[in-house]
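Subject: Structure handover

Hello,

I am passing a structure on to you. Please have a look at it first, then read the notes below.

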Amino acid sequence: MAYVIGASCVDIMDRSCMEECPIDCIYEGERKLYINPVECIDCGACEVACPEQAITVDRKADPEHRADNRRFFEEVLPGRDAPLGAAPGGAGPVGPLGVDTALVGGR
């Protein structure tokens, strides 16, 4: 995983990062955005675009949020039948998911 979106995105979701991402790897939960670790190409465009400074390189990210970001794609989220994984065509065709991980949902 190249970049992680942290706690300062919860309930803010400015979405500037989504507009700058050249490969559409930023997915929208109900209260937070998540970067798909398989799809991210480590370009850094999202980090620069985020006015909340919520995005950081994974090795510097809070370990709790690094693991939580991965769970968003690898575990079955509430109301879904299967893990999201890597979506063909990126986040755009998937649209807002309306659900978050337990870490974000419980805040």
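This is a predicted model: local features need pLDDT of at least 70, side-chain atom pairs count only at pLDDT 80 or more; totals for chains, interfaces and linings use all residues.

Salt bridges

The whole structure has four salt bridges. Three of them are described here.

One joins the side chains of Asp11 and Arg31, with N and O 2.8 Å apart. This pair connects distant parts of the chain, 20 residues apart: Asp11 sits in the loop between β1 (3–5) and α1, and Arg31 in the loop between β2 and β3. Asp11 is exposed, at 54% relative accessibility, whereas Arg31 is buried, at 17%.

Another is formed by the side chains of Glu28 and Arg15, at 2.7 Å from N to O. Because Glu28 belongs to strand β2 and Arg15 to the loop between β1 and α1, the pair ties together parts that are 13 residues apart in sequence. Glu28 is buried, with 15% relative accessibility, and Arg15 is partly exposed, with 31%.

A further salt bridge pairs Arg71 with Asp68, whose closest N and O atoms are 3.4 Å apart. Both residues lie in helix α3 (residues 63–74), three residues apart, which is about one turn of the helix. Asp68 is buried at 1% relative accessibility, while Arg71 is partly exposed at 29%.

Cysteines

How many disulfides does the structure hold? The number is zero. A disulfide needs two cysteine sulfur atoms within 2.5 Å. For Cys25, the closest cysteine sulfur is that of Cys21, at 3.6 Å, so the two are too far apart for a bond. For Cys40, the closest cysteine sulfur is in Cys25, at 4.6 Å, which is also too far for a bond. Cys25 is buried, at 4% relative accessibility, and Cys40 is buried as well, with a relative accessible area of 16%.

Charged patch

On the surface, Asp14, Glu19, Glu20 and Glu52 form a patch of negative charge. Of these, Glu52 is located in the loop between α2 (45–49) and β4 (55–57), and it is partly exposed, at 34% relative accessibility.

Backbone angles

Most residues other than glycine have a negative phi. Asp24, which is not a glycine, has a positive phi of about 60 degrees. Asp24 lies in the loop between α1 (16–20) and β2 (26–28) and is partly exposed, at 25% relative accessibility. Asp42 also has a positive phi, near 60 degrees. Its place is the loop between β3 (33–35) and α2, where Asp42 is partly exposed, with a relative accessible area of 46%.

Regards

Key: Residues are numbered from 1 along each chain as its sequence is written. Side-chain values use heavy atoms; hydrogens and water are left out. Buried means under 20% relative accessible area, exposed over 50%, partly exposed in between (1.4 Å probe, protein chains only). Patches are made of residues with over 30% relative accessible area and no salt bridge: like charges are joined within 9 Å, nonpolar side chains (Val, Leu, Ile, Met, Phe, Trp, Tyr) within 5 Å. Accessible areas come from the Shrake-Rupley method with a 1.4 Å probe; for residues, only the protein chains shown count as cover. Lys and Arg count as positive and Asp and Glu as negative; His and the chain ends are not counted. The place of a charge is taken as NZ of Lys, CZ of Arg, CG of Asp or CD of Glu. Helices (H or I, at least four residues) and strands (E, at least two) are DSSP runs, numbered from the N terminus.
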